[in-house]
Amino acid sequence: MEALRAAYPDAEIVLIARPWRHTFLTQRPGPIDRVVVIPDGGIGDESDTPQDLLELERFFAEMKRDRFDIAIQMHGGGRNSNPFTQRLEARLTVGLRSPDAIPLDRWMPYVYYQPEILRYLELVSLIGAKPVTLEPYSSGL
């Protein structure tokens with residue numbers, strides 16, 4: 001996320017995530033400007049939680065109104081998350097791809113046994129972001 005912030009200092013960086021990340025990241029310093037909660041069952045890879053189709057339609061309609069320039073998928077190999085990313089209707093989609101996943105506009109192969117920080121830095125390099133650190137973010141606490 002720091003590499004994205006350095007590459008796009010004026011962009012709004014929105015993390016679309018599970019509820020616990022919203023709670024954890026809201027009001028904390030860092031490169032993320034806003035956290036949007038995914039409706040239960042929204043990605044469909046985790047759960048016994050049934051999808052509320054009406055809630056999902058409302059969620060995607062709201063996300064389309066945001067008119068994202070770039071949507072980056074960093075959630076595993078993309079079998080379930082790449083279709084989700086495409087539904088955001090960003091001008092450009094970028095993400096990881098396992099052999100069973102559909103491709104996004106720009107993608108790189110998902111390698112399970114790879115350090116995550118390096119994986120994500122390699123991924124954001126597809127849109128011009130360069131590493132600014134290899135250390136996890138620290139608020140200085």
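This is a predicted model: local features need pLDDT of at least 70, side-chain atom pairs count only at pLDDT 80 or more; totals for chains, interfaces and linings use all residues.
A residue is termed buried when its relative accessible area is under 20%. When neighbours within four places in sequence are left aside, the contacts of Phe-60 are with Phe-84, Arg-87 and Leu-88. The C-alpha atom of Phe-60 is separated by 23 Å from that of Phe-24, which is 36 residues away along the chain.

Phe-60 also belongs to the largest nonpolar core, a set of 13 residues in which Val-36, Phe-59, Phe-60, Met-63, Phe-68, Phe-84 and Leu-88 have the most contacts. Helix α3, spanning residues 53–66, makes the greatest contribution to this core, with 4 residues. Beyond its neighbours within four places in sequence, Phe-84 contacts Ile-16, Ile-38, Gly-42, Ile-43, Phe-59 and Phe-60. In soluble globular proteins, nonpolar side chains tend to be buried together.

Three strands form an open sheet in the order β3-β4-β5, with parallel pairing. Because β3 (70–73) and β5 (106–109) stand at the edges and each has a single partner strand, one side of each lacks a neighbour in the sheet. On average, neighbouring strands of this sheet are turned by 10° against each other, direction ignored. Strand β4, comprising residues 92–97, runs parallel to β5 and is joined to it by 4 bridges; Gly-95 stands opposite Trp-107 of β5. Helix α5 (residues 116–124) packs on the sheet and touches β3, β4 and β5, its direction making about 145° with that of β4.

Key
Residues are numbered from 1 along each chain as its sequence is written. Side-chain values use heavy atoms; hydrogens and water are left out. A nonpolar core is a set of buried Ala, Val, Leu, Ile, Met, Phe, Trp, Tyr and Cys residues joined through side-chain atoms within 4.5 Å. Buried means under 20% relative accessible area, exposed over 50%, partly exposed in between (1.4 Å probe, protein chains only). Helices (H or I, at least four residues) and strands (E, at least two) are DSSP runs, numbered from the N terminus. Contact means heavy atoms within 4.5 Å. Two strands pair if DSSP finds at least two bridges between them. Axes are lines fitted to C-alpha atoms, for helices over the stretch in contact, and angles run from 0 to 180 degrees between N-to-C directions.
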